[in-house]
Amino acid sequence: MERDNKPLFRAYLLKEELRSISQEPNLELAKRTLADWLGWASRSRLPSFVKLARTIRKHRAAIHDVLDHGLSNARIEAMNAKLRLLTRLAFGFHSPAPLIALAMLKLGGSCPPLPARP
C-alpha cells in the first residue's frame, strides 16, 4: 500500500515545487530552481512530468521572460472569453455594429453618461 503512494507523493512535490518557482521574488533563484526542477521531473519516472519537463525545456526562453517581467497572457485570455460570450449574445444581429458597440461598452473601460442621470 505504501509503495503505491510514492508516485502520488512525488507528483505532489513536483507540482508544489513548480508552483513555488512562479512565486519566487528572486529571479536568479527562480531560474536555478527551474533548472533543478527540470532534472528532477525528467528523472521522476512519472510520464506526465517527464513530458511536461520536455515541453518546458522547449519554451524555457519564454518562461524566463515571464519570470523576468512578470507578464502573462491572462488578461488577453479573459478578454477573448468575454468577446466570445458577447459574440454569442449578438447572434442574430444584422450587422457587426451592435457587436462592436457591446464590446466597447463591456470591454472599453469607459462609462458613457446616461440620459437623466447626474
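**Entry 1: a loop residue and its patch**

I started at Phe93, which lies in the loop between helix H5 (74–89) and helix H6 (97–107). I took helices (H or I, at least four residues) and strands (E, at least two) as DSSP runs, numbered from the N terminus. Phe93 counts as partly exposed, at 43% relative accessibility. My cut-offs were under 20% relative accessible area for buried, over 50% for exposed, and partly exposed in between, with a 1.4 Å probe and protein chains only.

I then looked up what Phe93 sits with on the surface. Leu85, Leu89, Phe93 and Leu102 make a nonpolar patch with about 370 Å² of accessible area together. Patches take residues with over 30% relative accessible area and no salt bridge; like charges are joined within 9 Å, and nonpolar side chains (Val, Leu, Ile, Met, Phe, Trp, Tyr) within 5 Å. Accessible areas come from the Shrake-Rupley method with a 1.4 Å probe, and for residues only the protein chains shown count as cover.

**Entry 2: the model and the chain**

I noted that this is a predicted model, in which local features need pLDDT of at least 70, side-chain atom pairs count only at pLDDT 80 or more, and totals for chains, interfaces and linings use all residues. Residues are numbered from 1 along each chain as its sequence is written, and side-chain values use heavy atoms, with hydrogens and water left out.

I checked pLDDT, the predictor's confidence in each residue, from 0 to 100. The mean for the protein chain is 85, and 88% of its residues reach 70 or more. Among the elements, H3 has the highest mean pLDDT (94) and H1 the lowest (84). Where pLDDT is low, the predicted coordinates should not be read in detail.

I found six helices and zero strands in the protein chain. Of its 118 residues, 18% are buried. The chain exposes about 9,700 Å², and carbon and sulfur atoms supply 62% of that area. Among contacts with a separation of 6 or more, 41% are between residues 24 or more positions apart; contact means heavy atoms within 4.5 Å.

**Entry 3: the core**

Which residues have the most contacts inside the largest nonpolar core? I listed Leu14, Trp37, Leu38, Ala41 and Phe49, in a core of 13 residues. Such a core is a set of buried Ala, Val, Leu, Ile, Met, Phe, Trp, Tyr and Cys residues joined through side-chain atoms within 4.5 Å. H1, H2 and helix H3 (47–58) are the elements that give two or more residues to this core. H2 gives the most, with five residues. In soluble globular proteins, nonpolar side chains tend to be buried together.

I followed Ala41 next. Not counting residues up to four places away in sequence, Ala41 touches Leu14, Phe49, Val50 and Ala53.

Leu38 is in helix H2 and is buried, with a relative accessible area of 0%. Leaving aside neighbours within four places in sequence, Leu38 is in contact with Ala53, Ile56, Arg57 and Arg60. The C-alpha atoms of Leu38 and Ile56 are separated by 7.9 Å, with the two residues 18 apart along the chain.

**Entry 4: salt bridges**

How many salt bridges does the structure hold? I counted three, taking a salt bridge as a side-chain nitrogen of Lys or Arg within 4 Å of a carboxyl oxygen of Asp or Glu.

Lys31 and Asp68 meet in one of them, at 2.9 Å from N to O. This pair links distant parts of the chain, with Lys31 in helix H2 (residues 27–43) and Asp68 in helix H4 (residues 60–69), 37 residues apart. Lys31 counts as buried at 19% relative accessibility, whereas Asp68 is partly exposed at 33%.

Glu16 meets Lys15 at 2.5 Å, N to O. Between Glu16 and Arg19, the closest N and O atoms are 3.4 Å apart. Glu16 and Arg19 are separated by about one helical turn, because they are three residues apart in helix H1 (residues 2–22). I read relative accessibilities of 26% for Glu16, 36% for Lys15 and 43% for Arg19.

**Entry 5: one backbone angle**

Last, I looked up Arg45, in the loop between H2 and H3. Phi of Arg45 is near 60°, a positive value in a residue other than glycine. Most residues other than glycine have a negative phi. Arg45 counts as exposed, at 70% relative accessibility.
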